[in-house]
Amino acid sequence: FAELICDQLKRSITEAVGNDSARNLADEMRCNHPAFKGNRMNLEKHVLRSLAENEDFGGFMTYIQNPKEHVKRFITQEVEKYIKENKEKVENILRRNVEDISKLLKQALHDATAAATAAERGDTELWVEELSRLTNHKLKFSISSDGFRDIDEFDFLKDQIEKGLNDNEEEMRKSLSAGVMKNSRVQPEQILIEQLCECWW
(Lines give C-alpha, C1' and ligand atoms only; values in the text may rest on other atoms or scores of the structure.)
Protein backbone atom coordinates (compact mmCIF):
# COMPACT_ATOMS: atom_id res chain seq x y z
CA PHE A 1 0.00 0.00 0.00
CA ALA A 2 2.88 2.36 0.83
CA GLU A 3 4.41 1.73 -2.60
CA LEU A 4 1.09 2.49 -4.30
CA ILE A 5 0.77 5.75 -2.38
CA CYS A 6 4.37 6.73 -3.18
CA ASP A 7 3.79 6.11 -6.89
CA GLN A 8 0.66 8.27 -6.84
CA LEU A 9 2.37 10.99 -4.85
CA LYS A 10 5.46 11.03 -7.07
CA ARG A 11 3.45 12.14 -10.10
CA SER A 12 1.49 14.62 -8.05
CA ILE A 13 4.61 16.07 -6.42
CA THR A 14 6.31 16.53 -9.78
CA GLU A 15 3.28 18.38 -11.12
CA ALA A 16 2.95 20.52 -7.99
CA VAL A 17 6.65 21.42 -8.05
CA GLY A 18 6.35 22.38 -11.72
CA ASN A 19 3.22 24.46 -11.19
CA ASP A 20 4.52 26.25 -8.09
CA SER A 21 7.88 26.88 -9.72
CA ALA A 22 6.21 28.33 -12.81
CA ARG A 23 4.25 30.73 -10.59
CA ASN A 24 7.35 31.64 -8.61
CA LEU A 25 9.39 32.22 -11.76
CA ALA A 26 6.64 34.41 -13.22
CA ASP A 27 6.59 36.43 -9.99
CA GLU A 28 10.39 36.69 -10.04
CA MET A 29 10.38 37.92 -13.62
CA ARG A 30 7.50 40.30 -13.01
CA CYS A 31 9.53 41.95 -10.24
CA ASN A 32 13.01 41.83 -11.75
CA HIS A 33 12.84 41.63 -15.53
CA PRO A 34 13.00 45.15 -17.01
CA ALA A 35 10.36 44.46 -19.67
CA PHE A 36 7.83 43.03 -17.24
CA LYS A 37 8.01 45.38 -14.31
CA GLY A 38 5.94 48.39 -14.94
CA ASN A 39 3.05 49.18 -17.21
CA ARG A 40 2.00 48.48 -20.76
CA MET A 41 4.07 51.32 -22.18
CA ASN A 42 7.19 49.87 -20.58
CA LEU A 43 6.49 46.46 -22.11
CA GLU A 44 5.80 47.97 -25.53
CA LYS A 45 9.03 49.97 -25.31
CA HIS A 46 10.99 46.75 -24.72
CA VAL A 47 9.16 44.96 -27.53
CA LEU A 48 9.96 47.76 -29.97
CA ARG A 49 13.56 47.98 -28.77
CA SER A 50 13.96 44.24 -29.34
CA LEU A 51 12.55 44.55 -32.86
CA ALA A 52 14.91 47.44 -33.63
CA GLU A 53 18.00 45.74 -32.16
CA ASN A 54 17.30 42.58 -34.14
CA GLU A 55 16.38 44.59 -37.26
CA ASP A 56 13.30 42.41 -37.46
CA PHE A 57 11.18 44.30 -39.96
CA GLY A 58 8.88 41.34 -40.47
CA GLY A 59 8.34 41.41 -36.73
CA PHE A 60 7.43 45.11 -36.95
CA MET A 61 4.73 44.24 -39.47
CA THR A 62 3.44 41.44 -37.25
CA TYR A 63 3.44 43.81 -34.29
CA ILE A 64 1.48 46.43 -36.23
CA GLN A 65 -1.03 43.92 -37.61
CA ASN A 66 -1.41 41.71 -34.55
CA PRO A 67 0.22 43.29 -31.49
CA LYS A 68 -1.19 40.82 -28.99
CA GLU A 69 0.28 37.78 -30.76
CA HIS A 70 3.62 39.47 -31.16
CA VAL A 71 3.77 40.46 -27.49
CA LYS A 72 2.88 36.88 -26.51
CA ARG A 73 5.76 35.64 -28.64
CA PHE A 74 8.07 38.25 -27.09
CA ILE A 75 7.11 37.19 -23.56
CA THR A 76 7.66 33.52 -24.39
CA GLN A 77 11.09 34.26 -25.85
CA GLU A 78 12.07 36.38 -22.86
CA VAL A 79 11.04 33.63 -20.43
CA GLU A 80 13.08 31.06 -22.36
CA LYS A 81 16.06 33.42 -22.42
CA TYR A 82 15.71 34.17 -18.70
CA ILE A 83 15.63 30.46 -17.85
CA LYS A 84 18.78 29.81 -19.90
CA GLU A 85 20.65 32.77 -18.43
CA ASN A 86 19.55 32.16 -14.83
CA LYS A 87 19.81 28.39 -14.43
CA GLU A 88 20.98 28.59 -10.84
CA LYS A 89 18.12 30.88 -9.84
CA VAL A 90 15.60 28.59 -11.55
CA GLU A 91 17.09 25.53 -9.87
CA ASN A 92 16.87 27.27 -6.50
CA ILE A 93 13.18 27.97 -7.11
CA LEU A 94 12.63 24.31 -8.01
CA ARG A 95 14.66 23.09 -5.02
CA ARG A 96 12.72 25.32 -2.63
CA ASN A 97 9.42 23.99 -3.98
CA VAL A 98 10.57 20.37 -3.64
CA GLU A 99 11.48 21.09 -0.01
CA ASP A 100 8.21 22.90 0.71
CA ILE A 101 6.07 20.12 -0.70
CA SER A 102 8.13 17.49 1.12
CA LYS A 103 7.59 19.33 4.41
CA LEU A 104 3.87 19.61 3.71
CA LEU A 105 3.63 15.90 2.95
CA LYS A 106 5.62 14.81 5.98
CA GLN A 107 3.45 16.94 8.25
CA ALA A 108 0.30 15.61 6.57
CA LEU A 109 1.52 12.02 7.01
CA HIS A 110 2.19 12.71 10.68
CA ASP A 111 -1.22 14.33 11.22
CA ALA A 112 -3.13 11.66 9.28
CA THR A 113 -1.36 8.96 11.28
CA ALA A 114 -2.15 10.72 14.54
CA ALA A 115 -5.81 11.10 13.55
CA ALA A 116 -6.17 7.46 12.51
CA THR A 117 -4.38 6.24 15.63
CA ALA A 118 -6.42 8.46 17.94
CA ALA A 119 -9.74 7.45 16.41
CA GLU A 120 -11.52 4.76 18.33
CA ARG A 121 -11.89 2.68 15.21
CA GLY A 122 -9.20 4.23 13.05
CA ASP A 123 -8.94 2.52 9.71
CA THR A 124 -7.16 2.93 6.41
CA GLU A 125 -10.06 4.82 4.86
CA LEU A 126 -9.94 7.45 7.61
CA TRP A 127 -6.16 7.72 7.20
CA VAL A 128 -6.43 8.19 3.41
CA GLU A 129 -9.23 10.75 3.77
CA GLU A 130 -7.22 12.74 6.30
CA LEU A 131 -4.08 12.65 4.14
CA SER A 132 -6.07 13.80 1.12
CA ARG A 133 -7.77 16.56 3.08
CA LEU A 134 -4.46 17.88 4.39
CA THR A 135 -2.76 17.94 0.99
CA ASN A 136 -5.52 18.58 -1.55
CA HIS A 137 -4.70 22.30 -1.85
CA LYS A 138 -1.29 21.34 -3.31
CA LEU A 139 -1.42 17.74 -4.48
CA LYS A 140 -3.94 15.98 -6.66
CA PHE A 141 -4.03 12.23 -6.23
CA SER A 142 -6.60 9.51 -5.86
CA ILE A 143 -5.94 6.58 -3.58
CA SER A 144 -8.45 3.91 -2.75
CA SER A 145 -8.15 2.04 0.50
CA ASP A 146 -10.13 -0.89 -0.93
CA GLY A 147 -8.20 -4.07 -0.36
CA PHE A 148 -6.11 -2.43 2.35
CA ARG A 149 -8.72 -1.95 5.07
CA ASP A 150 -7.02 -4.36 7.43
CA ILE A 151 -3.97 -2.12 7.89
CA ASP A 152 -3.75 -0.91 11.46
CA GLU A 153 -0.02 -0.19 11.81
CA PHE A 154 -0.24 3.43 10.72
CA ASP A 155 3.15 4.40 12.14
CA PHE A 156 4.78 1.68 10.07
CA LEU A 157 2.82 2.80 7.00
CA LYS A 158 3.89 6.40 7.59
CA ASP A 159 7.53 5.36 7.96
CA GLN A 160 7.45 3.36 4.73
CA ILE A 161 5.86 6.22 2.81
CA GLU A 162 8.35 8.71 4.24
CA LYS A 163 11.19 6.44 3.15
CA GLY A 164 9.77 6.32 -0.38
CA LEU A 165 9.24 10.08 -0.39
CA ASN A 166 12.79 10.72 0.79
CA ASP A 167 14.07 8.62 -2.10
CA ASN A 168 11.80 10.53 -4.48
CA GLU A 169 12.93 13.88 -3.07
CA GLU A 170 16.58 12.92 -3.53
CA GLU A 171 15.88 11.78 -7.09
CA MET A 172 14.09 15.05 -7.87
CA ARG A 173 16.93 17.13 -6.45
CA LYS A 174 19.41 15.35 -8.69
CA SER A 175 17.32 15.94 -11.79
CA LEU A 176 16.18 19.51 -11.15
CA SER A 177 15.85 21.45 -14.36
CA ALA A 178 13.49 23.84 -16.05
CA GLY A 179 12.07 20.81 -17.86
CA VAL A 180 10.00 20.13 -14.75
CA MET A 181 8.09 23.34 -15.49
CA LYS A 182 7.76 22.60 -19.20
CA ASN A 183 5.86 19.42 -18.36
CA SER A 184 3.50 21.08 -15.91
CA ARG A 185 0.03 22.43 -16.49
CA VAL A 186 1.05 25.96 -15.52
CA GLN A 187 3.69 27.73 -17.61
CA PRO A 188 5.52 30.88 -16.49
CA GLU A 189 5.08 32.55 -19.87
CA GLN A 190 1.33 31.86 -19.78
CA ILE A 191 1.06 33.50 -16.37
CA LEU A 192 2.94 36.55 -17.60
CA ILE A 193 0.86 36.71 -20.78
CA GLU A 194 -2.32 36.66 -18.71
CA GLN A 195 -0.98 39.32 -16.37
CA LEU A 196 0.46 41.60 -19.02
CA CYS A 197 -1.68 41.16 -22.13
CA GLU A 198 -5.21 40.02 -21.52
CA CYS A 199 -6.65 43.32 -20.37
CA TRP A 200 -4.97 45.44 -23.03
CA TRP A 201 -6.23 44.13 -26.36
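Student: Where do I start with α2 and α4, and at roughly what angle do they cross?
Tutor: The axes of α2 and α4 come within 11 Å and cross at roughly 80 degrees, and please keep in mind throughout that this is a predicted model.

Student: Which word describes how they sit, oblique or roughly perpendicular?
Tutor: Angles of 65 to 115 degrees count as roughly perpendicular, and α2 and α4 are therefore roughly perpendicular to each other.

Student: Which residues meet there?
Tutor: On the α2 side they are Leu43, His46, Val47, Ser50 and Leu51, and these meet His70, Val71 and Phe74 in α4. Sorted by class, the contact of α2 with α4 has 5 nonpolar and 3 polar residues, with no charged residues.

Student: OK, switching to pockets: what volume does the largest pocket have?
Tutor: The volume of the largest pocket is about 210 Å³. Its lining is made by His33, Pro34, Ala35, His46, Arg49, Ser50, Glu53, Asn54, Phe74, Gln77, Glu78 and Lys81, and the elements that give two or more residues to that lining are α2 (40-53) and α4 (67-85).

Student: How many of those lining residues are nonpolar, polar and charged?
Tutor: The lining of the largest pocket has 3 nonpolar, 5 polar and 4 charged residues. His46, Ser50 and Phe74 are among the residues that line this pocket, and His46, Ser50 and Phe74 are also among those in the contact of α2 with α4.

Student: What about cavities, how many are there of 30 Å³ or more?
Tutor: The structure holds 1 cavity of 30 Å³ or more, and about 60 Å³ of space lies in the largest cavity.

Student: Which residues line the largest cavity?
Tutor: The lining is formed by Ile13, Val98, Ser102, Leu105, Lys106, Leu165, Asn168 and Glu169. By class, this lining has 4 nonpolar, 2 polar and 2 charged residues.

Student: And which helix gives the most to that lining?
Tutor: That is α5, with 4 residues, although α5 (87-118) and α7 (154-174) each supply at least two residues of the lining.

Student: Since you mention α5, at what angle does α1 pack with α5?
Tutor: The angle between α1 and α5 is about 135 degrees, and their axes are 9 Å apart. Only an angle over 145 degrees would count as roughly antiparallel, and α1 and α5 are therefore oblique to each other.

Student: Is that crossing left-handed or right-handed, and which residues meet?
Tutor: The crossing of α1 and α5 is right-handed. From α1, the residues Leu9, Ile13, Ala16, Val17, Asp20, Ser21, Asn24, Leu25 and Glu28 meet Lys89, Val90, Ile93, Leu94, Arg96, Asn97, Val98, Ile101 and Leu105 of α5. Those residues divide into 11 nonpolar, 3 polar and 4 charged. Ile13, Val98 and Leu105 are among the contact residues, and Ile13, Val98 and Leu105 are also among the residues lining the largest cavity.

Student: Last one: at roughly what angle do α1 and α9 cross?
Tutor: Helix α1 (residues 2-32) and helix α9 (residues 188-196) have axes that come within 8 Å and cross at roughly 50 degrees. These two helices are therefore oblique to each other, and α1 passes α9 in a right-handed crossing. The contact is made by Ala22, Arg23, Leu25, Ala26, Asp27, Met29 and Arg30 of α1, together with Pro188, Ile191, Leu192, Gln195 and Leu196 of α9.

Student: How do those split by class?
Tutor: The contact of α1 with α9 has 8 nonpolar, 1 polar and 3 charged residues.

Note on methods
Residues numbered from 1 in each chain as written. Predicted model: local features only at pLDDT ≥ 70, side-chain atom pairs only at ≥ 80, totals over all residues. Heavy atoms only, no water. 1 Å grid on protein atoms, 1.4 Å probe; cavity = no way out; pocket = protein on both sides within 12 Å on 5 of 7 lines; lining within 4 Å. Points joined across faces, edges and corners; volume = space filled by probe spheres on them. Nonpolar A, V, L, I, M, F, W, Y, C, P; charged D, E, K, R; others polar. Axes fitted to C-alpha atoms, helices over the stretch in contact; angles between N-to-C directions. Parallel < 35°, antiparallel > 145°, perpendicular 65-115°, else oblique. Left-handed = near helix turned anticlockwise from the far one by under 90°. Contact = heavy atoms within 4.5 Å.
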